[in-house]
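Let's take a friendly walk through this model, one residue at a time. Keep the structure open beside you as you read.

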Amino acid sequence: MHEELQQDCIPHGNLKSSNILLDKNMEPCITEYGLMAADNPDHRQENHNSVFKTDVYAFGVILLELLTGQTVLNNGLDLASRVLAVVREEWTVEVFDKNLLREGASEEKLVNLLQVAIRCVNESLEVRPSMKQAALAISAIRDDDERSIDVSDLSTTRSFVGI
């Protein structure tokens, strides 16, 4: 949606975890899209990039919520600040929700997702990725995970079949 509506300068404008619902197949449905779009065409033109980068920041905060198990205050500024402080002290693993680690989530994948989230919440608009770049990075992490699962399944099949 973000890429398709960017030409019309319609960002989400209020992206937060409570605006993401899951359907019966656990597919995400985004609510309240575009409710905060600017009315003034001149205003839209001048802030075109920044409004979309604000959505990217909000997406980064949602990733941080998922990774840490913590909630946000102040539009996510407090959560982003806390996470960045922990990461700066090189206690990266300490930032993750212990339930993720207990359930066997790959620490490497969590760190990779954390890196995407940190890029998304960067204070500099120019440094933040586009939503498409963030999605591609997450897809690459997921694809790497699926490839490693496929390889382990293959080795199990070989040993089972006696190859």
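In this predicted model, a polar atom in the side chain of Thr 68 lies 3.1 Å from the backbone nitrogen of Gln 70.

Is Thr 68 buried or exposed? Its relative accessible area is 7%, and buried means under 20%, so Thr 68 counts as buried. Setting aside residues up to four places away in sequence, Thr 68 touches Leu 79, Val 83, Val 95, Phe 96 and Asp 97.

Some of those names come back when you move on to Leu 114, a residue of helix H5 (residues 107-120). Leu 114 is in contact with Val 83, Val 95 and Phe 96, among others. Its contacts beyond four places in sequence also include Leu 64, Leu 67, Val 87 and Thr 92. For Phe 96, you can check the spacing yourself: its C-alpha atom and that of Leu 114 are separated by 9.0 Å, with the two residues 18 apart along the chain. Leu 114 is buried too, because its relative accessible area is 2%.

For a contrast, turn to Met 26, in the loop between strand S1 (20-22) and strand S2 (28-30). Met 26 has 57% relative accessibility and therefore counts as exposed. Look at its backbone as well: phi of Met 26 is near 65°, a positive value in a residue other than glycine.

Technical notes: Residues are numbered from 1 along each chain as its sequence is written. This is a predicted model: local features need pLDDT of at least 70, side-chain atom pairs count only at pLDDT 80 or more; totals for chains, interfaces and linings use all residues. Side-chain values use heavy atoms; hydrogens and water are left out. Buried means under 20% relative accessible area, exposed over 50%, partly exposed in between (1.4 Å probe, protein chains only). A polar contact is a pair of N or O atoms within 3.5 Å; within protein, one must be able to donate a hydrogen and the other to accept it, and residues adjacent in sequence count only if both atoms are side-chain atoms. Contact means heavy atoms within 4.5 Å. Helices (H or I, at least four residues) and strands (E, at least two) are DSSP runs, numbered from the N terminus.
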